[in-house]
Each structure stands twice: as C-alpha cells, then as structure tokens.
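Q: Hey, I'm new to this one. Can you walk me through it?

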Amino acid sequence: MHPCLSVDEILRLIFRFIDDRGSTLCALARTCRTFHEPAMDLIWETLTTIKPVLLNLPSARMVSTEDGCLTLSHPLSDNDWDVVRRRSSRVRRLHTFVDLEPHYLYAVLPWFSFLTCPPDSSFLFPQLRVLSIEAEYFDTDDVEEVHTEIQALLRYLHLLLRPHLSALRFHIPGLFYPHLDLPSIPMLCPNLRILNIVTPVYEWDDVPIPHETAYPFSRVVSGLCDLEFVEFDMTSWDLLSSLSQAKALRKLSVCLPRELGLGPECPGGGILPQLRTLDIQASSLASCTDLFHSVSLNQVTEIDIDCSVSEHDIDLFQALVDMTSLIPSQCKPLEFFWFCFSVLPTAVKTYPAWPRPILEPYHVCHHLRVIALETSLSVTLADNDLEDLVMSWPHLEVFHLFQRGIKHPPVHLTLRGVTALLCHCRKLRHFTLMFDATRVPEDAAQLTPEALPAVTYMGVDRSPVSQSSDVAAYLSILMPHLEGIGVRERDSYGPEWHWICTQHQRRPAIRVDMSPMKLYSLLTAGNKYASERTGRGWEWTYRRRR
C-alpha cells in the first residue's frame, strides 16, 4: 500500500469523493484497520433518522406502523448507553422526523423520554454540528391530548441544543412553536451560523408561525452574532431590524405577507447592509416593494424572488416595473437574478415587448451572470428588443425566459434574435427561449463560429421548427458544443426537434425533464451553504415552493 494511504487526513479527503457511500464505505471499513476509522466516521456522519443508533439494542423493538418504526420498550441500561455513545459520537448531522398524529405518538415517542436521561451529555451526539427537526401536521384539537409526549420530545431536543451546533432547522407546524423555548436558543447555541425556522405548507391547511412566537424570537435573534444564513417564515420589520445585529449575515430567505408596510428609517441607508444573497417568497408585489425601499442592496450579488400577484397589486404592469426597478437602482454588483411571478387568469394581458420594461433597468448591472424570468404573461420580445437588452451583459452565462400557464403563447423571436444573444454574450452556457426556428437568418453566411460561446443547453419550450437541413446546419455552426435541447412534454414540434438532434454534429439529447425548478437546482446545487455547512444530501438550505 502506498505510504500516502496511511495518512488519515488524505484518506478522509479521498473517501469524501465516493458517491455510493453505503456499500463502498462499508467495504472500505472492513478492508484494514487504517481504513476503518475514516470510513466509519463518514458512514455515520449524516443520519436522516435516529433508528441506526437504536438498532439492535436489547430494549429496542419494532412497532407495526406503515414505516415499521422503532421504539424503546424500557429505559436504557448502562450497556445500552455505551452502544448509543459509541454510535452517536460519530454523527455530525442529524435529521429527526416526527409524526405528530396521536396514534403515532402513543406508539413510538415514549423512547424520547428514555433518551432524555443520559449519564452525561457525552453519551448522546456529542459531536453534533447540524440538527434538523421536521414534524408532520397534526390536528389542533389534539394538542392537549398529546401534551406529555410533546414535552418529552422537547426535552430530547433541548439536550441536542449545544454550543458547538453551527446549523439548526425547525420545520414544524405553527401551533407547535409556542411549546418551544425559543429565547433559550442564543444561550444554548451561541455559535449558530445557519438558522432555519419555517412552517410546512399543506394543501388543506397552512398554519403560520404565530405572531406571539415570532415577536419574542426577533428580540433574541440579535444575540446570534455569527449568523450567516437565516430562513424565516414570519417576516416583520422588528425581526429584520434585529437581524441587522448579525454582522456576519450574508444570506437571508424570507416569506413576505401580503402587506408588509414601510420599514423604519435608517440613517445609514437601509437595514441589513451586510447582505449578499436575498431569497424572497412573497404574497404580493406591494410587500416586495416595501421591502426594497428599506433593505440595503448595495452589496447584494444574488436575488431570487417568487411572487404572487394579489388584490393589493392594483396596476399589475406598473407595480412590476416599480418593484423590479428598485433593485438595479442600488444593486450595481448584482450577478444572479431569478424572478418568478404568477397572476390570476383574469389579470393576464398582453404587453408590448414584454418583458423588456422590467429587464431594461438592469443595463446598469454589468456583472450579471444569471438572468431567469418565469412569467405567466406572454413574452412579446422581438429580435431587436432582445439584442438591445443583452448588449449590456457581456458576462452572462445563463439566460432563461419561461412562459407558464399559457396554452398557445405567441412566438415573436426568430433565430436572428438567438444569434444576437450568442454574439453579445460570449460566456453563455445555458438559455431558454421560444423562437421561430423554421428559417435561417438572411445574413447566416456572415456568422463567425470562433467568436461564439460554447452553449451546452438550449431550452426551446414549444418553439416551432422545420425539418430543414439548412436549419440543422445553422444550429450546428451556431452551437457546436450543444449537449441537450429542452422541449415541452407532448409538444407538437417534438418530432421535428428530435430530427434536428439527429442532424446536429454533436447529437444533443432531447430533454423533457428540464423544468425551471430543475434548472434552478442545477445552478444553486453548489452553493457553499449546502456543501460546507450542511453537507451533501442536506436539501433544506434553499426553499422554492412552486
């Protein structure tokens, strides 16, 4: 064996690149003593259930529920606690899911009581760094009925809230929060860097975090000075002002109510001046406008907005223009802009050169790398409009214009507009547009392939195309590195685009699974909050509920 493979740090680095962590790491752990410890640490590093820790204990037994849950029939013995300590000491990330239905609590949760009495704190997840608690919905009438079980669960959770935690997530029903001692979090976990407190959304019910819970939390969150990423479902100016005390805060993800109101006046030019990334889910354009009037965007490089239009947004077109123009007016270093908005069917209209009016103010943002717009309004851009827009974005790598909820959207762009996009954006890699691809531009002979970007993905949605050798040859010259073409499932032009792929020199694949959400995930999957803080497979750092 090479001497380098005897160095523990090198082995751990190599083992982290293993995709199939289950079987491969288990095999490595059995290979030799040198491999055993680093492999075992990675096997146990992340748990999505506490079951492996309790498995095969003498006091453990399976309960006949739908998912075959594990519970404890009596308190743990000294030998049991030794096993729990040995297993849990390797765990760095723990996700605990709890079904709060009474029949489940009665059958399974008694083991929470047995785990709340360890000999000392070193016996239960002493090295835990990331804790995620998720609870299933339960009927409000059953709260008092399961009060004892809930208190046992809370005692168990408080045992895990320790100073070395760097990430904490609560994803539980709103009515559960009053039972939590939120003011104790800054004292128990003073080194938190990621804080995620949200409420699950269900089709039949949406219970928000109560104001009486959100208010005291906003009073203590200012004590968490090391926070870098915060996600919160209940937004108020009191909370946002408190977060201004977290000088390390770089990313904020919030849900805005339909009416937020104007924020407090700040002599320094707006609250949260330290922000770099802002992720918004809003119930109206008006609340977004109120937020941008008071939050400082001078240092923000990434903005993601998912907004619904409400009855408070009287003049839709003007409200969109007013809201979106507030961003580039102060956010010159912007690199990432993803804007999704949906309107009621009765409010759908056709606007000329749409969405040029809301994208044109971003000409001043010369560092833009990603622009994506999901709209339920028909895109009416012409070739000249598109060319005028993209001339100011030389660093653009991704450009998506999605149209959703429109059965038969009009097509105004042609291959000439697509060519202009590629000629002005030399770094472009992915784009989505609807355009007429039935004819090649008249000036096709003037195309210079050496000056074009290496586009690998082209989304065409329901773009019309003809089985023309001229069109296929032109697309091969325009995008010689093309690997995939995204089409709408059951699109009438699907066969024609498939034929184009067979004629293309690179033989790109037809993709029907590249939804806006999928493309968004591909863009954000590598963000440092997902990889460095929470680890691979931890999927709660970015929320998009569409």
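Q: Let's start with isoleucine 14: how exposed is isoleucine 14?
A: Keep in mind that this is a predicted model. Isoleucine 14 has a relative accessible area of 40%, so it counts as partly exposed, which covers values between 20% and 50%.

Q: Where is isoleucine 14 found?
A: Isoleucine 14 sits in helix H1, residues 8-15. Together with Val7 and Ile10, Ile14 makes a nonpolar surface patch of about 200 Å².

Q: OK, switching to cysteines. How many disulfides turn up in the whole structure?
A: The search finds 0.

Q: New topic: which residues are buried in helix H13?
A: In H13, residues 316-325, the buried ones are Leu316, Ala319, Leu320, Val321, Met323 and Thr324.

Q: What do the buried residues of H13 pack against?
A: Their partners are helix H12 (285-294), strand S11 (302-308), strand S12 (336-342) and helix H14 (356-359).

Q: Last one, histidine 400. Where does histidine 400 lie?
A: Histidine 400 is part of strand S14, residues 398-403, and is buried at 1% relative accessible area.

Q: What does the side chain of histidine 400 make a polar contact with?
A: With the side chain of threonine 432, at 2.8 Å. Histidine 400 also touches other residues, including Trp338, Tyr457 and Leu519.

Terms used: Residues are numbered from 1 along each chain as its sequence is written. This is a predicted model: local features need pLDDT of at least 70, side-chain atom pairs count only at pLDDT 80 or more; totals for chains, interfaces and linings use all residues. Side-chain values use heavy atoms; hydrogens and water are left out. A disulfide is a pair of cysteine sulfur atoms within 2.5 Å. Patches are made of residues with over 30% relative accessible area and no salt bridge: like charges are joined within 9 Å, nonpolar side chains (Val, Leu, Ile, Met, Phe, Trp, Tyr) within 5 Å. Accessible areas come from the Shrake-Rupley method with a 1.4 Å probe; for residues, only the protein chains shown count as cover. A salt bridge is a side-chain nitrogen of Lys or Arg within 4 Å of a carboxyl oxygen of Asp or Glu. Helices (H or I, at least four residues) and strands (E, at least two) are DSSP runs, numbered from the N terminus. Buried means under 20% relative accessible area, exposed over 50%, partly exposed in between (1.4 Å probe, protein chains only). Contact means heavy atoms within 4.5 Å. A polar contact is a pair of N or O atoms within 3.5 Å; within protein, one must be able to donate a hydrogen and the other to accept it, and residues adjacent in sequence count only if both atoms are side-chain atoms. Lists of a residue's contacts leave out its neighbours within four places in sequence.
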